[in-house]
Amino acid sequence: MGPVGRVSTEFFDPTRFLRTWNFSDLPADERAQFYRETPQPDGTTLREYELYAVDREIEIAPGVFFPAWTYNGQVPGPTIRATAGDRVRVNFINQGSHPHGLHFHGWHPPEMDGSLPEHQVMPGESFLYEFDAEPFGLHLYHCHANPLKRHVHKGLYGAFIVDPPSEVARPPADELVMVLNGFDTNFDGDNEVYAANTVASFYMQEPVRVRVGQLVRMYVVNLTEFDLINSMHLHGMFFDVFRTGTSLTPSESTDTIMFCQGERAILETTFRYPGDFMFHGHQSEFAELGWMGLFRAEGTRDT
Amino acid sequence: MTPSHDHRRDGGPSGVDRPGAAKLWALAVLPLLLLAGLLGVLVWAGPADAMRGEGYPPIETLAFQRVALGPDGIVVTVLNDGPDPVTIAQVQVDEAYWSFTAEPGTTLAHLGRTTLTIPYPWVQGDAHALRLVTSTGVTFDHEVAVAVETPTPDAKFFGIFTLIGIYVGVIPVAIGLLWLPLVSRAGRTGLDFLMAVTIGLLLFLLIEAGHDGLEAAALTPSSFQGVALFVFGGLTAFVGLEMVGGWLRTRRRDTEASGGRGWVLAQMVATGIGLHNLGEGLAIGAAFALGEATLGTVLIVGFMLHNTTEGLAIVAPLAKEPVRVSRLLRLGVLGGAPTIVGAWVGGLIYSPIWSVLFLALGAGAIAQVVVQLTRQVVGEESVAGYMTTPPVASGLFAGVTVMYVTGLIVG
């Protein structure tokens with residue numbers, strides 16, 4: 001069972017994507033082309049990003065290529081992470097073949113919403129989005145150009161994390177970004193591939209490595225198109241749920257959580273036992289079409 | 001027909017004012033060379049690609065050839081029916097990605113073929129949906145409506161399919177042959193009626209074969225041009241049998257040894273019906289192999305009634321001749337036994353292309369037999385005049401009605 005073969009991770013490595021935000025995976029000089037942070041007198045930080053839309057064929061299952069629309073050549077787009085109160089400035093360049101834009105979830109004035117037809121950035125043009133990062137929580141960004149459904153399912157979306165102010169910062173943890181998505185490869189309005197972070201069953205072949213006894217924090221955002229809901233189930237474990245991440249107190253403890261499109265939650269857990277723990281969408285169909293993976297907990301209990 | 005032919009051949013000029021043989025050959029080959037050059041230009045310089053434009057996705061077409069269910073899972077033979085190469089990247093069964101192996105490989109050139117073995121735990125009696133996902137994300141679907149194990153060609157397999165063939169082909173035709181005494185005692189009016197019944201039966205079979213053949217043609221991959229295959233397969237059988245008939249008549253005239261005019265005609269009818277039954281057996285065998293039919297009592301009875309009338313069609317031309325039992329047996333085998341062969345072939349190597357071809361041969365053969373019979377009975381009269389005599393018109397009507405009603409039972 002499961003897909004046959006391996007995808008190339010040359011252009012997009014789902015394992016690297018898990019723990020990357022603000023282009024932290026790039027060498028310093030290269031990173032500076034896409035991300036700069038400048039401390040401000042009031043103690044906040046100005047965070048400047050270079051995002052561009054570009055058409056690219058991506059491998060979503062071994063040997064299956066999808067003609068995607070991407071932010072910076074990858075699906076999901078780069079994870080943007082700021083602390084509440086920071087200034088976020090995104091210079092967006094449309095290098096794609098269609099009008100695109102950026103629509104962030106979070107507080108911002110309407111002219112920064114990137115959703116109305118006049119907000120669309122034409123191919124070859126650019127736009128500077130600027131707003132304060134708030135409220136703290138787990139958010140998202142995506143293209144809001146019309147037709148919306150196509151612009152989202154073609155791959156124009158990413159996670160936007162706003163950390164609580166430092167005085168109430170979340171405890172240190174092994175942090176993982178997971179964007180739940182799907183791909184309609186034959187354009188019949190139904191997904192042929194489902195995944196966490198684009199590649200079908202990738203984490204079945206390359207388990208997500210975590211430590212026994214260490215707090216694991218998952219930033220899970222659902223951007224699956226066409227299906228009303230998606231979900232996540234973790235085997236052998238329970239997790240604390242911080243819906244939309246806007247509270248520091250968990251709302252529930254469960255092992256299965258449901259998301260509508262655009263819905264997201266921060267999930268926290270600590271692995272008790274070493275070994276492999278499956279996680280997947282609890283729509284069996286999604287799981288068997290690629291939305292399935294493994295955590296590999298290493299170390300021993302009570303260390 | 002031969003004298004005029006000979007005359008033309010003998011009367012032709014020989015070696016006078018003709019261009020040299022070498023020159024003639026050069027002239028014949030020149031267009032072929034030009035065509036080869038043009039093909040070279042098309043392949044290497046690629047004006048077709050220029051017409052298609054840059055960045056167009058390839059045209060991908062896959063056709064399912066055979067789907068077999070067994071202890072190893074699902075074995076699927078796939079054909080690339082499109083102009084461009086296709087790579088099968090993944091396989092889904094019932095909306096789940098499943099492991100598979102491909103022999104000889106996953107990339108198929110135009111008309112290339114591969115066999116996928118999918119170790120899927122299929123469920124007896126359930127429906128299963130197969131979906132092939134190509135490298136560009138295009139999908140091709142096939143539904144297994146009712147999953148049953150595909151028969152393997154062992155002794156039991158041949159036994160069962162032989163029985164099917166005997167039930168629906170051999171026995172009914174043999175029973176039909178027993179009408180011979182009735183036929184030989186019939187008077188002029190009775191004979192006209194019986195021959196008309198036969199023609200009616202055959203016309204009905206012809207329409208049935210045309211319908212089934214065109215239906216099968218629609219299922220064949222478009223590269224095989226099913227309709228053309230059917231039409232020209234039928235014409236080939238028609239012309240071929242005309243030639244055989246002509247040859248048989250000439251031989252008989254020469255030797256006066258083997259039987260009369262009726263015997264030749266009976267053989268032709270038996271051959272035509274045999275070809276038709278080959279196609280019928282093929283369809284039945286394939287339906288069983290694909291798990292799409294169960295041989296219920298009603299179906300057997302229907303086929304028996306339906307095909308018994310074929311025996312009558314075979315003996316009708318023998319009314320005026322003494323017939324030995326061995327000859328009658330030979331006719332029975334000629335008309336009925338192909339059903340057994342058809343059932344074997346259909347169960348083993350079913351593909352719609354074979355169905356089209358065999359149904360076409362059957363249709364052509366029957367059409368030829370209808371023409372033969374009509375020629376014989378009409379004699380010097382006009383066809384229209386013959387058809388409108390009361391015994392003939394009622395016979396035609398009776399023949400068609402019998403086939404229609406027995407066909408209702410087969411469904």
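# Notebook: a predicted two-chain model

I began with strand β10 of chain A, which pairs with strand β11 (residues 193-196) of chain A in the antiparallel sense over four bridges.

Strand β13 (residues 215-222) of chain A runs parallel to β10(A), and the two are joined over seven bridges.

**Sheet with β8 and β9, chain A**

I traced an open sheet of four strands in chain A, and its order is β4-β9-β8-β6 with mixed pairing. The edges are β4 (80-83) and β6 (103-104) of chain A, each of which pairs on one side only. I took the β8-β9 pair for a closer look. Strand β8 (residues 137-142) and strand β9 (residues 157-163) of chain A are antiparallel, with six bridges between them. Within this pair I noted G137(A) opposite V162(A) of β9(A).

**Domains of chain A**

I looked up the domain assignment next: chain A is given domain 1 (14-168) and domain 2 (174-298). The C-alpha centres of these two domains of chain A are 21 Å apart. I find 27 residues of domain 1 and 31 residues of domain 2 of chain A in the contact. On the domain 1 side, the elements that give two or more residues are α1 (14-18), β2 (45-61), β3 (64-71), β8, α3 (148-153) and β9 of chain A. I sorted the residues of that side by type and got 20 nonpolar, five polar and two charged.

**Contact between the chains**

I turned to the A-B contact, which takes 19 residues from chain A and 15 residues from chain B. On the chain A side, β3 and α5 (284-288) of chain A are the elements that give two or more residues. I note that β3(A) gives the most to this side, with three residues. The chain A side divides into ten nonpolar, six polar and three charged residues. For the complex, I read off an ipTM of 0.86 and a pTM of 0.78 from the predictor.

**Chain B**

I counted 14 helices and nine strands in chain B. Of its 411 residues, 40% count as buried. I also looked at contact range: among contacts in chain B between residues at least 6 apart in sequence, 81% join residues at least 24 apart.

I checked the length of helix α10 (residues 325-336) of chain B. Its twelve residues should span 16 Å at 1.5 Å a residue, and its end C-alpha atoms are 16 Å apart, so the two agree. In α10(B) I found L331(B), G332(B), L334(B), G335(B) and G336(B) buried.

Last, I went through the confidence values. The mean pLDDT of chain B is 81, and 85% of its residues reach 70 or more. Over residues 1-15 of chain B, pLDDT stays under 50, and the model has zero contacts beyond four places in sequence for them. Where pLDDT is low, the predicted coordinates should not be read in detail. I left residues 1-15 of chain B, with their pLDDT under 50, at that.

Technical notes:
Residues numbered from 1 in each chain as written. Chains lettered and ligands numbered in written order. Predicted model: local features only at pLDDT ≥ 70, side-chain atom pairs only at ≥ 80, totals over all residues. Pairing = 2+ DSSP bridges. Expected span 1.5 Å × (residues − 1). Buried ≥ 20, exposed ≤ 12 C-beta atoms within 10 Å, placed from the backbone. pLDDT = per-residue confidence, 0-100. Contact = placed C-beta atoms within 7 Å. Domains from an automatic or database assignment. Nonpolar A, V, L, I, M, F, W, Y, C, P; charged D, E, K, R; others polar.
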